[in-house]
Amino acid sequence: MTATTTTATNGWAEGWGLFWTLTAALAAMALGFLFVIGWDTDGYRMVIRTTARTSLVLFLAAFAASAAFKLWPGPFTRWLRRNRRQLGLGFAMSHFIHALAIIALWQTDPGTFWGLTNPKSIVTGGTAYVFIALLAATSFDRMVKALGPKAWGRLHWWGVWIVALSFIFTNGKRIPVSGWYALPVVLVVAVIVLRVIAGRKQRRAAALVT
């Protein structure tokens with residue numbers, strides 16, 4: 001999520017067209033699973049699992065966009081950087097659907113719900129959701145002006161790192177259940193390393209100029 005001004009563009013893969021395309025695709029996917037599998041425990045769990053993956057992909061795309069462009073400038077990384085606001089908001093939409101499915105599972109099958117989570121996970125996950133909501137709500141130029149660039153920068157710096165650490169914690173604790181949960185952890189850590197390398201490159205370039 002970023003404060004970079006984005007002009008309205010035509011097409012499904014640019015600007016707000018991209019955001020609405022992502023929103024429609026995510027909603028269609030979730031509804032498709034529910035209509036095919038059922039509006040029950042199995043259906044809600046499928047939506048939860050799938051939106052966990054789409055949320056990770058969209059978050060990583062927004063999280064890595066600027067660093068990827070600094071290290072490998074090109075058409076694709078330029079597209080990522082140009083649309084990182086919409087990718088970030090697409091992540092927020094994916095996680096909103098994820099939350100709705102979790103609530104539906106809790107209401108439909110409390111036994112399964114509490115077998116899959118615990119109060120500690122709810123607190124950490126709830127904290128991440130608060131920051132996701134704040135990041136989404138302040139991803140518009142009007143909010144940037146209202147907060148001021150300094151406050152906005154601090155909020156988004158802390159917000160994206162808290163969400164990144166939430167992904168690491170949520171998936172890392174499940175690695176003993178399945179080794180596949182190590183993959184999201186590795187991907188998030190890889191993007192963190194990418195951002196550190198890009199930051200060092202930028203600082204070296206600035207030092208050479210001065």
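Close-up 1. The model is a predicted one, in which local features need pLDDT of at least 70 and side-chain atom pairs count only at pLDDT 80 or more, while totals for chains, interfaces and linings use all residues. Residues are numbered from 1 along each chain as its sequence is written, and side-chain values use heavy atoms, with hydrogens and water left out. The side chain of R82 meets that of E14 in a salt bridge, at 2.5 Å from N to O; the term denotes a side-chain nitrogen of Lys or Arg within 4 Å of a carboxyl oxygen of Asp or Glu. Because E14 lies in the segment before α1 (15-37) and R82 in helix α3 (residues 75-82), the pair ties together parts that are 68 residues apart in sequence. Helices (H or I, at least four residues) are DSSP runs, numbered from the N terminus.

**Close-up 2. The salt bridge between R85 and D141.** The structure holds two salt bridges, and one of them joins R85 to D141, with the closest N and O atoms 3.0 Å apart. R85 lies in helix α4 and D141 in helix α7 (residues 141-147), so this pair ties together parts that are 56 residues apart in sequence. R85 counts as buried, at 3% relative accessibility, whereas D141 is partly exposed, with a relative accessible area of 27%.

Close-up 3. The axes of helix α2 (residues 41-71) and helix α9 (residues 182-209) come within 8 Å and cross at roughly 25°. This makes α2 roughly parallel to α9, given that angles under 35 degrees count as roughly parallel, over 145 as roughly antiparallel, 65 to 115 as roughly perpendicular and the rest as oblique. The axes are lines fitted to C-alpha atoms, for helices over the stretch in contact, and the angles run from 0 to 180 degrees between N-to-C directions. With helix α8 (residues 149-172), α2 packs at an angle of about 140°, the axes being 12 Å apart, and α2 and α8 are therefore oblique to each other. The crossing of α2 with α9 is left-handed, and α2 also passes α8 in a left-handed crossing; a crossing is left-handed if the near helix is turned anticlockwise from the far one by less than a right angle.

**Close-up 4. A nonpolar surface patch with residues of helix α4.** F96, L100, I103, W106, W114 and I122 make a nonpolar surface patch of about 600 Å². Such patches consist of residues with over 30% relative accessible area and no salt bridge, with nonpolar side chains (Val, Leu, Ile, Met, Phe, Trp, Tyr) joined within 5 Å and like charges within 9 Å. Helix α4 (residues 84-108) gives the most to the nonpolar patch, with four residues. I103 has its place in helix α4 and, at 41% relative accessibility, counts as partly exposed.

Close-up 5. P110 is found in helix α5 (residues 110-116) and is partly exposed, with a relative accessible area of 40%. R174 is placed in the loop between α8 and α9 and counts as partly exposed at 26% relative accessibility. R174 and Q86 are 88 residues apart along the chain, and their C-alpha atoms are separated by 30 Å.

Definitions and conventions. Accessible areas come from the Shrake-Rupley method with a 1.4 Å probe; for residues, only the protein chains shown count as cover. Helices (H or I, at least four residues) and strands (E, at least two) are DSSP runs, numbered from the N terminus. Buried means under 20% relative accessible area, exposed over 50%, partly exposed in between (1.4 Å probe, protein chains only).
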